[in-house]
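User: I want to learn how to read a model like this one. Can you take me through it feature by feature?

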Amino acid sequence: MGWKLVCRVCGSEWVLNVSYRLSDFRGLYHFCRVCGKNTFHEIVGSV
Ligand SMILES: [Zn+2]
């Protein structure tokens, strides 16, 4: 399973494949390949 995340800066979507629950989080900082830097990513759903 995984979590669908959206970069708040550029809006690109990607999937984080982890088994642990992220439902307690609204998002996290992660490196965005499009932006080329760490940006805030919102969790928009599970996949
Ligand atoms: Zn981005």
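The dialogue below goes from the whole chain to single residues.

Analyst: First, the ground rules. This is a predicted model, where local features need pLDDT of at least 70, side-chain atom pairs count only at pLDDT 80 or more, and totals for chains, interfaces and linings use all residues. Residues are numbered from 1 along each chain as its sequence is written, and side-chain values use heavy atoms, with hydrogens and water left out.

User: How many helices and strands does the protein chain have?

Analyst: Elements are DSSP runs numbered from the N terminus: helices are H or I with at least four residues, strands are E with at least two. Here the protein chain has 0 helices and 4 strands. Along the sequence the pattern reads β-β-β-β. The C-alpha atoms fill a box of roughly 25 × 15 × 15 Å along the principal axes.

User: What share of the protein chain is buried?

Analyst: Of the 47 residues, 30% count as buried. The accessible surface, by the Shrake-Rupley method with a 1.4 Å probe and, for residues, only the protein chains shown as cover, comes to about 3500 Å². Carbon and sulfur atoms hold 50% of that surface.

User: Which residues make up the largest nonpolar core?

Analyst: In soluble globular proteins, nonpolar side chains tend to be buried together. A nonpolar core is a set of buried Ala, Val, Leu, Ile, Met, Phe, Trp, Tyr and Cys residues joined through side-chain atoms within 4.5 Å. The largest one here has 5 residues: Trp-3, Leu-5, Leu-16, Val-18 and Ile-43. Contact means heavy atoms within 4.5 Å. Leaving out residues up to four places away in sequence, Val-18 touches Met-1, Gly-2 and Trp-3.

User: Which residues coordinate the zinc ion?

Analyst: Look for donors, meaning N, O and S atoms within 2.8 Å of the metal (3.2 Å for Na, K and Ca); water is not among the atoms, so sites may look incomplete. The SG atoms of Cys-7, Cys-10, Cys-32 and Cys-35 coordinate the zinc ion at 2.3 to 2.4 Å. Their spacing in sequence is C-x2-C-x21-C-x2-C.

User: What is the geometry of the zinc site?

Analyst: Four donors count as tetrahedral if all angles lie between 85 and 135 degrees. The 4 donor atoms make angles of 103 to 116°, and the site is tetrahedral.

User: Is Cys-32 buried or exposed? And what about Cys-35?

Analyst: Cys-32 is buried because its relative accessible area is 3%. Cys-35 has 24%, so it is partly exposed.

User: Where does His-41 lie, and what does it contact?

Analyst: His-41 lies in strand β4, residues 37-46. At 0% relative accessibility, His-41 is buried. Beyond its neighbours within four places in sequence, His-41 contacts several residues, among them Cys-7, Trp-14, His-30 and Cys-32.

User: Where is Arg-21, and is it buried or exposed?

Analyst: Arg-21 sits in the loop between β2 (13-16) and β3 (27-32). Its relative accessibility is 63%, so Arg-21 is exposed.

How values were computed: Buried < 20%, exposed > 50% of the residue type's maximum accessible area, 1.4 Å probe, protein only. Tetrahedral: all angles 85-135°; square planar, octahedral: opposite > 155°, others 65-115°.
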